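Subject: Structure for your review

Dear colleague,

Please find below the structure that I am handing over to you. My findings follow it, arranged by region.

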2 protein chains.
Amino acid sequence: MNDLATRLAAVVGASNVEAGDAINEADTHDEALGVAPVVPAAVVHPASSGEVAELLTLATSLGVAVTARGSGTGLSGACTPVPGGIVVAFDRMAEIVEIDTDNHLVVVQPGVTLAQLDEALEPLGLVYPVFPGEYSASIGGNINTNAGGMRAVKYGVTRHHVLGLEAVLATGEVLRTGGRVVKTSTGYDLTQLIIGSEGTLALVTEAVLRVYPRAPHGATVLAPFATLAQVTAAVPRVVGSGVGPLILEYIDMLTMSAATAYVGLDLGIPSEIANAALAYLVVSLESTHTDRLDQDVASVAELLDELGAMDVYVLPPSAAASLIDAREKAFWVAKANNADDIVDIVVPRASMPEFMASVQTIAEGSASWIAGCGHAGDGNVHLGVFQADPVVRRQVLVDLFRAGMDLGGMISGEHGLGTAKSGYFLELEDPAKIALMRRIKAAFDPNGILNPGTILNDPKADL
Amino acid sequence: MNDLATRLAAVVGASNVEAGDAINEADTHDEALGVAPVVPAAVVHPASSGEVAELLTLATSLGVAVTARGSGTGLSGACTPVPGGIVVAFDRMAEIVEIDTDNHLVVVQPGVTLAQLDEALEPLGLVYPVFPGEYSASIGGNINTNAGGMRAVKYGVTRHHVLGLEAVLATGEVLRTGGRVVKTSTGYDLTQLIIGSEGTLALVTEAVLRVYPRAPHGATVLAPFATLAQVTAAVPRVVGSGVGPLILEYIDMLTMSAATAYVGLDLGIPSEIANAALAYLVVSLESTHTDRLDQDVASVAELLDELGAMDVYVLPPSAAASLIDAREKAFWVAKANNADDIVDIVVPRASMPEFMASVQTIAEGSASWIAGCGHAGDGNVHLGVFQADPVVRRQVLVDLFRAGMDLGGMISGEHGLGTAKSGYFLELEDPAKIALMRRIKAAFDPNGILNPGTILNDPKADL
């Protein structure tokens, strides 16, 4: 054990620190494409906010960088370690502290996974509605990226469900932000500021989350369309109908074919339709009453027919679950097909046709191959970019981001900037906003030890 | 005109500046009880964000305090001017810039009132769902207090509907935060940080707001109960039923009697029930379908009966509208009855019975009279405090706030701290959080010219 590891062991116990060859390969990276793994000086596994505070006080005194790690399922490299730095892994802080059924809230530690939370809530008829497509993701990671996912069109994203946090500042103070209440106007909203800050402002050690009555009945409708433009144009009409979809996704032909094959799903779509469909719309509905669900399914089917769907299928439950699973695996499909990068640009939902036209122009102009799917109800477009030349690829991403921003969109809807996209952010965003964000960062973390390289990509030279 | 007014007139034109005797009395205060009016050096009415930027650059160079003013309907003194300072009034920036029906969003200037926005949206079948009870309130004021109101139990509060802002820093930079998108994970969320900051971080000059399909059918159920504890205990059961109420309010006997008299409403409740009811629950429902509404009304009525309601009344539309109007007038009733102060503490909704028991103990122990009503679905309790002795009253408020905070609640659910409650906040809140908020304030407003005295109650000596 090196000297740093010995000092860390004094805080958490020797069995909860790894250094040198003992460091697991899995702890050197997340799932971002094109981000090189980094071996840190040590990986440490605290068991309490008190230990986290001691670790951060020590790191500040030594000027050592600290990177928080949840389940490592991130897609932007935000938990990539810093050379010489410490990884604080939250796998030992994975307790559901409290389920308060009267107030419809839970208190959880950051290492709790979405699967773990759902398993605890399901028997109580409750649901935490954020499902970003990876059930092994941790709540801590979800908070730090403001995770969204397929159900955001109905329930909103992580920031809409976090009522309060316990968080530790780089200087070791343990703060409690927010409360157990669904509304507040009591000073600056530190909870909201920490959400989505990707481990750069504070380490989250506990969270109070809203949960909701679990709707007992659900159905999924699948509609193939002759063109992607027809699908994206249908989206505002479905939202505007007031039916309140739980899920509203588009999947392009290539992604549908690859993703269903990946999970071994045969939807039984006649080949003459499958061959002519360039894109699909998936609409899931849920309800407290079966008769309402049937009525809503019928009205959505009728609307999709009016909007030019080639056909409308109401999927049996098992096929619906498999299709949602296939959609969730789209990233893995892109990865398996050797995508060079992925983006999750978000644009106004009605601007998707215009944005997708720009995507096609950018793809053709750079001889790249760009395909994907998206949380259509939110205008959140997930694209795999296949372009082997790193210089050309960089320009493709700049052009894609700029096209989205010109429509009132933003670089990332839910993946975050991490280390992978922060360079683009700094290049494309208003310098006055960047400067303000740097001042906010300094207000939380004056020595810049928390997750350097992420979001603001601050120089790590003096760490 | 004094020298300052002359320099302001050079920015906005002489007809848009008042100084000295020309200042309107209405511009010297808001509606907070017990906050003394202050005559500023000047009131200025800019017409554009460019003019606001010029005004702030000038104020920074002169070291003059700036207080933003919307409609002046606030209840915490946040727009009370600073002696020698400038009031920036947004009455000339009151344009609905755009209604985007496809993306379900609107772009508005800060002086737009809720009534004005609703009038524009109603014919389009859309609704901006935040109704804090005062339709003349401005969007700018709503954003700065994170306004809530009766419909928050279904739709959430202001911060859930603001997608992006144009805001001017004290140093004159004009920023655009967020976008036209419903989700983002692209750097620190400046939009959320500015919301609820009561004019202390930046001046909002434009906002992008979400709007929603307007449910065409609604109904209101009124249930008298023998005790307040029964009413507050019923609240989590109604929320947990999954019926998704639009409005869920409690009104105590004294407030009900005074408020209905104030608006001249006779609900026709038999006198034997009216005399025995100590509190009322109001449940409003809305739906896309009349049959669903009828079914939901029946199930809520059945549930309230099970929970011990003395009777359940489904109100005819005109009586329902009058009752909601009476509830919205509760503040004016308290004021007309010479309440000495009001509070809007928020606690976990299931903790209301326990909190209300503490309220009674505090009232009895201090020989004060405390009555009110509340957004029960959100645990947001509005109380009028009748206690003429300022020293005793101050202690009563401290005790009330502490009782709420001990339950996981916060000082204000929607009114904000302003100048009226900031002293309590500084006394009761964790000093490490206050210090962090001061550093955030300095990151936005290094010279402290924006709304000194509000939230952090910074010394104004050097202004």
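**Strand 10 of chain B**

In this predicted model, strand 8 (residues 162-168) of chain B is paired with strand 10 of chain B through 6 bridges, in the antiparallel sense. One pair of bridge partners here is Glu166(B) and Glu206(B), the latter in strand 10 of chain B. Strand 6 (residues 105-108) of chain B also pairs with strand 10 of chain B in the antiparallel sense, over 4 bridges. In that case Val107(B) has Val208(B) of strand 10 as its bridge partner. Strand 10 of chain B (residues 203-210) is mostly covered, with 8 of its 8 residues buried.

**Relation of the two chains**

The same surface serves both copies, since 100% of the contact residues of chain B recur in chain A.

**Domains of chain A**

Chain A is divided into four parts: domain 1 (2-89), domain 2 (96-213), domain 3 (217-326) and domain 4 (338-421). Between the C-alpha centres of domain 1 and domain 3 of chain A the distance is 43 Å.

**Gly172 of chain A**

Gly172(A) is placed in the loop between strand 8 (162-168) and strand 9 (174-178) of chain A. Is Gly172(A) buried or exposed? Its relative accessibility is 17%, and buried means under 20%, so Gly172(A) counts as buried. Apart from neighbours within four places in sequence, Gly172(A) is in contact with Ala53(A) and Thr57(A). The C-alpha atoms of Gly172(A) and Glu51(A) are separated by 9.7 Å, although these residues are 121 residues apart along the chain.

**Strand 18 of chain A and its partners**

Strand 18 of chain A (residues 380-386) is largely enclosed by the rest of the structure, because 7 of its 7 residues are buried. Asn380(A), His382(A), Gly384(A) and Phe386(A) point one way from this strand, while Val381(A), Leu383(A) and Val385(A) point the other way. Strand 16 (residues 341-346) of chain A runs antiparallel to strand 18 of chain A and is joined to it by 6 bridges; Val346(A) has Asn380(A) as its bridge partner. Strand 17 (residues 369-375) of chain A is likewise antiparallel to strand 18 of chain A, with 7 bridges joining the two, and Gly374(A) is partnered by Val381(A). Strands 17 and 18 of chain A form a hairpin with 4 residues between them, and Gly379(A) in the turn has a positive phi of about 70 degrees.

**Helix 13 of chain A**

The 15 residues of helix 13 (residues 352-366) of chain A should span 21 Å at 1.5 Å a residue, and the end C-alpha atoms are 21 Å apart, which agrees. Its buried residues are Met352(A), Phe355(A), Met356(A), Val359(A), Ile362(A), Ala363(A) and Ser366(A). Seen down the axis of helix 13 of chain A, these buried residues fall within an arc of 115 degrees, so they line one face of the helix. They pack against several elements of chain A, including strand 16, strand 17, strand 18 and helix 14 (390-406). Glu354(A), Gln360(A), Thr361(A), Glu364(A) and Gly365(A) are exposed on the other side of helix 13 of chain A. After helix 13 of chain A comes Ala367(A), with a positive phi near 55 degrees.

Yours sincerely

Key: Residues numbered from 1 in each chain as written. Chains lettered and ligands numbered in written order. Predicted model: local features only at pLDDT ≥ 70, side-chain atom pairs only at ≥ 80, totals over all residues. Heavy atoms only, no water. Domains from an automatic or database assignment. Buried < 20%, exposed > 50% of the residue type's maximum accessible area, 1.4 Å probe, protein only. Pairing = 2+ DSSP bridges. Contact = heavy atoms within 4.5 Å. Expected span 1.5 Å × (residues − 1). Arc of directions from axis to C-beta.
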